[in-house]
Amino acid sequence: MGLGILSDVYLDHVPGTSLFSDDPNAAALSAYDGVDMRRLKHASGRNAHIVLVPQPSDDPNDPLNWPQWKKHIVFFVLSGTLVSADVVAMALEFDRSVQAISRALGSALVLALALSTVVWSVLSLKIGKRPVFLASTIMMFAGAMIASFTSTYNMLLGSRILQGVGQSVLEFLVGASIGDIYFTHERGVPVALWNLALLNGINITPPISGQVITHLGWRFAFRIFAIACALLFVMQFFLMPETSYRRGALQPSDSSSRASIEKLELEGREDARSVPRKKGYVEQLAVYNGVYPTKASVATLLLRPFLACLTPVCLWASLLYGVAITWLVLIATSVAQLFSAALSPFIFAFIAALLCGPLTDYIARRFSQANHGIFEPEYRLVLVSFYAVFGSMGFFGWGISANLHELWIGPVIFFGLINFGITIGCSAAIGYVVDSHRQSADSALGAVIFFKNIWIEARGVLNVFGISGGVTLFTSFLTIHGKRARSWIHRTVNFDDDEVTVVAH
């Protein structure tokens, strides 16, 4: 037993458990076990001592070999837009209840988003990410245009379903694309900025949409959203080439064998002669680049997110993530009704994003040292305490101050504390899932997003809050039994089989 985490009696090595090291090449030593490190490519400049993970090919078209400016442009384009509307005015116009309009605007979109996530994820693995991004943006544009000119409730409902199908891509595929173009040691800032944008998108949408609706009407909110989608499509088409790339696996070498060294040198010379030419700009704009082979069948890839939903790790992360997002949506909507804008969520969430990395490293280092150098993914659950403390302060403070009609400063500050806690808590939850399922992180994260959206749609906003206490108790359970849960998942569900090693993730 290490720091209260129960040991497993079935597996000598439980997936996720690893040796902790401050060595910047620890990831490379783990990923390329048995490979002569001298053969591997290193970073340049001040990071010249770091072995690149993953290892780029010699192909100049490999996204990992793109210049930094090109990677940053692609990351900038990897963004989306959100929209909200005036449910009261729409209810009056369509002669429907506010609840019915809310279902069309929220529940239908979330349900479509959840179900389409599974299909999009498989398509992105088989035909690449570029056609998926472009198709999803077209769907968002079409849905927004239909909604802006709709004259019936059923047409509004259909438009929101279409928007949900398109919007789902932005929830899960951006993270995979970051993994395609950045090396492991470069991903910290892009991932933090993406998480910050994803969470703050919920906060910024209601105030902006509220101003548009007040001055121009709810239909213009959708029209502006359509314009944003059109601009996004243009940037995706001209500035974001395909990021999926197939690379060959590195083979272990015997450094004591002269024959193996000569063979490797011969293979290196042959590879050098077969390096593809660099594609021109127009060639890089190709929408379809063929079918990418995967070791798992399409049926297996479709089933994996559903199987992952049954595992304790993904189930807990889904509940925590779902509760957090639901709270943010409800509070952000209330803030938009009471105040024209609030900067506190951005400031507090930005501070939390800056603290997440150092806090995670510090906790991993101290706990691993106390556990004889062994790192357990459950150490990330310590950060959930920030979610509990600051989230509770913010929730209670917001409710009391808003109920007493106090000055605006009170609710705004408490709203910031909510965002601070949620940003750290969600980052910890996602990090725990990735550490527990390193060989199948895409399926695991897809399951978290799928279950989160299905659960919110089925339970409704208010019922979600009653489960918050249960999620906290489940966190305590995972802290103690998490290692045994990971062992059970590996032995029973067999969910960590090689998934997409041929595609850069």
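Select Pro-276, in the loop between α10 (258-273) and α11 (281-284). Helices here are DSSP runs of H or I with at least four residues, strands are runs of E with at least two, and both are numbered from the N terminus. The model is predicted: local features need pLDDT of at least 70, side-chain atom pairs count only at pLDDT 80 or more, and totals for chains, interfaces and linings use all residues. Residues are numbered from 1 along each chain as its sequence is written, and side-chain values use heavy atoms, with hydrogens and water left out.

Pro-276 counts as partly exposed because its relative accessibility is 41%. Beyond neighbours within four places in sequence, Pro-276 is in contact with Asp-59, Pro-60 and Asn-61; contact means heavy atoms within 4.5 Å.

Next, show helix α5 (residues 129-149) with helix α9 (residues 218-239). Their axes come within 8 Å and cross at roughly 160°. Axes are lines fitted to C-alpha atoms, for helices over the stretch in contact, and angles run from 0 to 180 degrees between N-to-C directions. α5 and α9 are therefore roughly antiparallel. (Angles under 35 degrees count as roughly parallel, over 145 as roughly antiparallel, 65 to 115 as roughly perpendicular and the rest as oblique.) The crossing of α5 past α9 is left-handed, meaning that the near helix is turned anticlockwise from the far one by less than a right angle; clockwise would be right-handed. Residues to pick in this contact include Phe-133, Phe-141 and Arg-130 of α5, and Trp-218, Phe-222 and Arg-223 of α9. By class, the contact of α5 with α9 has 18 nonpolar, 3 polar and 3 charged residues. (Ala, Val, Leu, Ile, Met, Phe, Trp, Tyr, Cys and Pro count as nonpolar, Asp, Glu, Lys and Arg as charged, and the others, Gly among them, as polar.)

α5 passes α7 in a left-handed crossing. On the α5 side, select Lys-129, Val-132, Phe-133, Ser-136 and Met-140; they meet α7 residues including Leu-170, Leu-173 and Asp-180. This contact of α5 with α7 divides into 8 nonpolar, 2 polar and 2 charged residues.

Move on to Val-191, in helix α8 (residues 188-216). Val-191 is partly exposed, because its relative accessible area is 31%. Its C-alpha atom is separated by 9.8 Å from that of Ala-353, 162 residues apart along the chain.

The contact of α14 with α16 has 15 nonpolar, 5 polar and no charged residues.

Finally, show the whole chain, with its 19 helices and 2 strands. Buried residues make up 48% of the 505 residues.

Technical notes:
Buried means under 20% relative accessible area, exposed over 50%, partly exposed in between (1.4 Å probe, protein chains only).
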